Amino acid sequence: MGSDTSKTCPVLKTRTLEDHSDDFSRLSENALRQYKLSIKQKYESEWSSLSDEQESLSALYNEPVIIQKNENGSFKNISVDRLLMSYGAMPVILQGDSGSGKSIIAQKIMLDWASETSRHLNVVFYLRCEELMCVSEEINLIELLSYSCSLTSDQISQMLQHSPEKVLFIIDGFDELRLTQAIFDMSAITDPLQKAPPEVILCSLLRRYLIPKSKLLVTTRTRNTLNKLLKGQPCFTEIMGFSEKKVETYFQKFFSKEYDCVRANETLLTACSIPVICWIISEMFRVGADVTSGLETITSIHVDFVSTLLEHHCQGLSQSVSTLLRSLGQLAERGMLEQQVLFDEKNVNEIISDPDGNPFLCRFLSKRRIRQETMFTFMYHSFQEFFTALYYVLLDEEESQRKVRELLHTVERGWALSCWSDRDFSMADVEVRQSKLLQPVILFLCGLCKKEWIPSFFEKHNMAVSVNIETQLKEWISTYSQRYQNEHMLFILHCLYELHEKSFIRKVLEKLVLIDLSNSPLKMTDCWVLKYCLQCCEHIRNLKLHVTSDNLKMLQPELSRCKELWLMMDHIPDDVVGLVSAAAEGKILNKLNIKKLDNHGKLSGYLSGISVSVRDGDITLSIGTSVSNSSVTELTVTSPHSLISTIDWVKSQREWAFNSYGYLSSGQHEVRLLTFLQSASGLKKVCLHDSLLTKTFASEIPSFIQACPSLIELSINVSGQLMLEYTQSMKTSLEKMGWTLIVWGKLVLIKPCMERFTEEKLKTKREKSESERTLPQRESSDSVSLKAESSAHSSSEDVEVFTPELRDDEDKLKNTYRFVCAHAGQFQCSLTNLVFVMEGEGEVLYRVDSWDLRLLDGLGQMQPAGPLYNIDCFNGSLSGLHFPHCEILSEENKDILAVAHFTGGNVETMKPLKVTETHVMTDIRDLSLFGLLKRKIFPSCPVIVQVILFLRPITARQRDSILDVHLLPWNVPLSKVQGQHKESTHITTSSKCSLIPGSEYSLRCEPEGSTVQPMTEKFECNFGPNYHPTFEVFVNFNTEEVRLSLSDKTEGKEVWVPRRIVFT
């Protein structure tokens, strides 16, 4: 019997499990069917249209524009249907401002799944953070999910175990989670049955500790803090608002006649791209309010809405309007400061009497039953923000100023922390997020200061506004507009728009050196705000924008007020030709850069970039165009204004690239371009980047030069292999025409022949200048001069070292060195290491100047490789220069150096005569600005660097000695750095080492207890004008010496071995 039982038990047990699994599967399907039915019933019954008829969410849903952002800043539009289709387990973040429709989209996804239009998901759980924050006890994930759906705990457990990759968690309203460092540290829960506070459970889901294979959709108003919690790279999407067509669709459903009023008011039409504004305007239409005028700002729309509802619903109130508004504002402020969206009935009744029976309040507060408890919430979060601002305005003056001062301080502190936030989550991130959430309150405060519109509302209800609030806000805007860019600058522009005071806007913006809004694409409302602000100014110095081609149309008339304009776009439309012409005219706009952000799937014929700059009456235009799926050709031309204004370059280049692609053989693209350029009279310079130098192309170049008599330079940056036989045959033809061809790396430079001094001419010149001397003296001088001329082509051997005189007697000669030469030879400056090749006696004045990188536009991948020198020589006896460099020469970088000569507003690149281990040699024809350039190569090659130390002076209140450590290229003059740190003591040490530009390094200081900041820093070649310390070392005041060393962060090896540094 025993043996029989042992044989049959396993079989019986297996059958029981299979039967149980089948039964559970059937039960699971039934449960899901009921769950989906409950979702459909909820979203069909809870929604009512503006016509007071019950309609489903599907019928009322109006989809806004949503974009998906890529890491390089590019983006593409994406629909809600595609939002979760292609990203596997990659979390999707849906970002949007208050009232943009995040929760509606989340609920639409729920309804689509319940209606079985979304078949790639088995089950969807909708978690509203605001409701989960009402749960006070610790719960596990299964219990938390059972609160939000009709499924049992057992059913949920089974579904999470079966195909977790087909489970979607929608976490709606991430900003309502009250996060702390302790919560972050706790949120490493991996067991769905382990209990913890709800926010810990949600953080564990976000950090992928719980159900890591599931899909995640998170809605939020802020992004940075959430990004630190998420594990892996998420998919970022953002709600941009309604398109104009969707605004029309929204109103046509209920107010088709009234829509004409909206369409006729461009300001109102733009504001209605924000979904909540559409709802407010619709509500005002419903009660018969006049919306044809006065609604210029977001604040004025909210004020008009509140005023309209007070007129219709304030009869028979038991309390005054001011008391009612203060009560509502007090409740709103509590929620804003405590990150609270839901308010229990008891707390609401303590502040507001009879919230249920007041028809006015019912328009702003909605009531919900959550876990058998009555809760109140503001209908839209923007109402909570507005009433908080209104509350501050209605307080007595002293209290009002205190509240506003604290608000401004909190927001500014968050901005500062956002610039220095740790890489991992910290409490600084909590403050950054809180400041972001409080920003709309400042926006509404600015709007409430508007003198022309708002006072009528307050006067009607016997309320006063403190003028001191406006003063506080203006001082804050004036101060911090000069410190921050991008999202913070955009917020300041919105504040200026809400203030709507043209003279103040002009005062703030015209003193800014740069307005940078390039880190994220601007919404329609952002562009409208920017447009108004630009209209208030005569000019803007430098503006950087990230705009869509549609929004550019709105901005374009005002952009010519900028002196320099940088645009990043999804694609470059034909109508940017207006900006190109405006830049070419050079009245205000004299520099224009337009760049198409690279997106997936390049198409032939698109413009990749446009650059226009004006200097000394000549226009330099660069246009980059895709001519194949794998290459981009860039054309740069310099010409008079008339050429730029008479040709539609944008359209011409697009048609040229599109028509060329697909059927032209290699090199024919460039031939067609030269043919096109021959029809353009007045060309001075032409540069082709990334071009194929084929035999056909090379043979056409002499004909092109003959057809363009005004041409003074043609350069070609060759892509692919450079065939020397083509350049040699071309060089022969060009020499017959009086032109020279120089090949430098992959750059082919073609210029008219320049007359060079022959030894015969040099001898004649010297004989004339020394006619008063005796024949023996003249012969001796001649031989020395000829030796100097020839030595300009040789190494810097046998040079005489001199220390120059520093001229400070006149402002124009300030920081200028003077060298008086008595005879011919090579002379090296002990301060700058410059070598002057002299034909005879003369006086040289020279100084180190600052690079203007704009002058390098059109030179391709070239960057400064040394200081910029301004050199002048009397008597004309200077024939050559040897520039110190810091390159460590190798096969990879032996041809990367060139000499830049700036004259007449133009830059000429000269191939060196010779490059030694220390110097770059060149002869010269005339004098002005000279500097070294080098071609960018990847990866970067190491350069010779000097470690320069300065000990700061001790102050009475100082407890530490501070040592400044500078990492600078070897050819930066020490005297130039010392000139900026005159109060500090230079500490001499063996300073030479080699570093790789772009790499990170760390400085170590012994003894322990000293502090080094920052911990690591990226090394970049800095050639001025400012020389700030790379590292700061704080050591005890009584310390007499330390040991310093420098290490490569990536490999950990020492690149500057420990040095003993003595302070005394």
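Modeller: Rings of Phe, Tyr and Trp (for Trp, the six-membered ring) are taken to pair if their centres lie within 6.5 Å, and a pair is called stacked when the planes are under 30 degrees apart, edge-to-face when they are over 60, and tilted for the rest. The model is a predicted one, in which local features need pLDDT of at least 70 and side-chain atom pairs count only at pLDDT 80 or more, while totals for chains, interfaces and linings use all residues. Residues are numbered from 1 along each chain as its sequence is written, and side-chain values use heavy atoms, with hydrogens and water left out.

By that criterion the structure holds 31 aromatic pairs. One of them joins Phe-251 and Phe-285 in an edge-to-face arrangement, with 6.0 Å from centre to centre and 80° between the planes. Phe-251 belongs to helix 10 (residues 244-252) and Phe-285 to helix 13 (residues 275-286), so this pair ties together parts that are 34 residues apart in sequence; helices (H or I, at least four residues) and strands (E, at least two) are DSSP runs, numbered from the N terminus. Phe-251 and Phe-285 are both buried, where buried means under 20% relative accessible area, exposed means over 50%, and partly exposed lies in between (1.4 Å probe, protein chains only).

A second pair, Phe-819 with Phe-827, is tilted, at 5.4 Å centre to centre and 50° between the planes, and these two residues are buried as well. Phe-819 and Phe-827 also belong to a cluster in which ring pairs link them with Phe-802, Tyr-817, Phe-836 and Tyr-846.

Arg-818 forms a salt bridge with Glu-843, the closest N and O atoms being 2.5 Å apart; a salt bridge here is a side-chain nitrogen of Lys or Arg within 4 Å of a carboxyl oxygen of Asp or Glu.

The whole structure contains 29 salt bridges. Among them, Glu-908 and Lys-751 meet at 3.1 Å, N to O. Because Glu-908 is in strand 31 (residues 906-910) and Lys-751 is in strand 21 (residues 747-752), the parts tied together by this pair are 157 residues apart in sequence, and both residues are buried. Within helix 19 (residues 397-420), Arg-402 and Glu-406 are four residues apart, which means a separation of about one helical turn, and their salt bridge has its closest N and O atoms 2.7 Å apart. Arg-402 is partly exposed at 29% relative accessible area, as is Glu-406 at 41%. Elsewhere, a network of salt bridges links Lys-69, Asp-97, Glu-238 and Lys-523.

A search for disulfides, defined as pairs of cysteine sulfur atoms within 2.5 Å, finds zero in the whole structure. The sulfur of Cys-873 has its closest cysteine sulfur, that of Cys-821, at 8.3 Å, which is too far for a bond, and Cys-873 counts as buried at 10% relative accessibility. Likewise, the sulfur of Cys-129 is 9.2 Å from the closest cysteine sulfur, in Cys-203, again too far for a bond, and Cys-129 is buried with a relative accessible area of 0%.

The strand pairings remain, two strands being paired if DSSP finds at least two bridges between them. Strand 42 (residues 1031-1036) runs antiparallel to strand 36 (residues 960-969), to which six bridges join it, with Val-965 standing opposite Phe-1031. Strand 42 also pairs with strand 40 (residues 1011-1013) in the antiparallel sense, over three bridges, and there Val-1012 stands opposite Val-1033.

An open sheet of four strands has the order 41-39-43-44, with antiparallel pairing. Its edge strands, each pairing on one side only, are strand 41 (1017-1018) and strand 44 (1054-1062). Six bridges connect strand 44 in the antiparallel sense to strand 43 (residues 1041-1048), and the bridge partner of Leu-1046 in strand 44 is Trp-1056.
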